[in-house]
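Keep the 3D view open along the way.

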Amino acid sequence: MDVTEIQDLLANLSASARAGDVEGIMANFHPTASAFEFGQNRRAISIEGIRDTCERGYNGVSHVRYDFEVERIEAGDDLAYCYGLEHISGEQSGQPFEMYSCATYIFRKVDDRWSIVHQHLSRLE
């Protein structure tokens, strides 16, 4: 069932995020993926921008805790989406931090493999 495959992809993404594993995170994205992320001047960024954001975000970070509470997943034959609440906390340069964001992911199935083709993150204050 495709929803189960999407849940597996999200579990892999979450495990990689908790480990600070940028390569593991990026393995879930399609090479043509784009994203709208907070602080990106209202423009979509490419896969290179997503990688750069991840690398900068994990620089100097330790004791990472990451949770993604999925509110909804819908899957068709080759297109799916999900949305929910992301929570990340830890220490950066020795100082504690905590952040919540609303996250939407769009997935495409290519050659029997699901991957993220678009991500939209909105930080909650």
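A residue counts as exposed when its relative accessible area is over 50%, as buried when that area is under 20%, and as partly exposed in between. H63 has a relative accessible area of 61%, so H63 is exposed. H63 sits in strand β2. Its backbone stands out too: phi is positive, about 55 degrees, although H63 is not a glycine.

S93 lies in the loop between β3 and β4. With a relative accessible area of 65%, S93 is exposed.

How far can the coordinates be trusted? The model is predicted. The mean pLDDT of the chain is 91, and 95% of its residues reach 70 or more.

Now turn to the interior. In soluble globular proteins, nonpolar side chains tend to be buried together. Here the largest nonpolar core has 31 residues. The residues with the most contacts inside this core are L10, F29, I50, Y105 and F107. Helices and strands both contribute: α1 (2-19), α2, β1 (29-36), α3, β2 (61-75), β3 (79-92), β4 (95-110) and β5 (113-124) each supply at least two residues.

F29 shows how such contacts reach across the sequence. Leaving aside residues up to four places away in sequence, F29 touches L13, I47, I50, S115, I116 and Q119. Another, L13, is a buried residue of α1.

Start with α1. The buried residues of α1 are D2, I6, L9, L10, L13, S14, S16 and A17. These residues cover an arc of only 165 degrees around the axis, so they fall on the same side of α1. After the helix comes G20, whose phi is positive, near 70 degrees.

Helix α3 can be read in the same order. At 1.5 Å a residue, its 12 residues should span 16 Å; the end C-alpha atoms are 17 Å apart, which agrees. Just after α3, G60 takes a positive phi of about 75 degrees.

That leaves the charged side chains. Side chains of opposite charge can pair when their charged atoms come close. How many salt bridges does the structure hold? There are 6 salt bridges.

One of them joins R51 and E23, with the closest N and O atoms 2.7 Å apart. R51 lies in helix α3 (residues 47-58) and E23 in helix α2 (residues 22-26), so the pair ties together parts that are 28 residues apart in sequence. R51 is partly exposed, at 28% relative accessible area. E23 is exposed, at 51%.

A second pair stays within α3. D52 and R56 meet in a salt bridge, at 2.9 Å from N to O. The two residues are 4 residues apart in the helix, so about one helical turn separates them. D52 is partly exposed, with 36% relative accessibility.

Next come E74 and R72. Their salt bridge brings the closest N and O atoms to 2.7 Å. Both partners are partly exposed: E74 has a relative accessible area of 33%, and R72 has 38%. Elsewhere, salt bridges that share partners join D2, E5 and K109 into one network. D2 is also listed among the buried residues of α1.

Conventions: Residues are numbered from 1 along each chain as its sequence is written. This is a predicted model: local features need pLDDT of at least 70, side-chain atom pairs count only at pLDDT 80 or more; totals for chains, interfaces and linings use all residues. Side-chain values use heavy atoms; hydrogens and water are left out. A salt bridge is a side-chain nitrogen of Lys or Arg within 4 Å of a carboxyl oxygen of Asp or Glu. Buried means under 20% relative accessible area, exposed over 50%, partly exposed in between (1.4 Å probe, protein chains only). A nonpolar core is a set of buried Ala, Val, Leu, Ile, Met, Phe, Trp, Tyr and Cys residues joined through side-chain atoms within 4.5 Å. Contact means heavy atoms within 4.5 Å. The arc is that of the directions from the helix axis to the C-beta atoms. pLDDT is the predictor's confidence in each residue, from 0 to 100. The expected span of a helix is 1.5 Å times one less than its number of residues.
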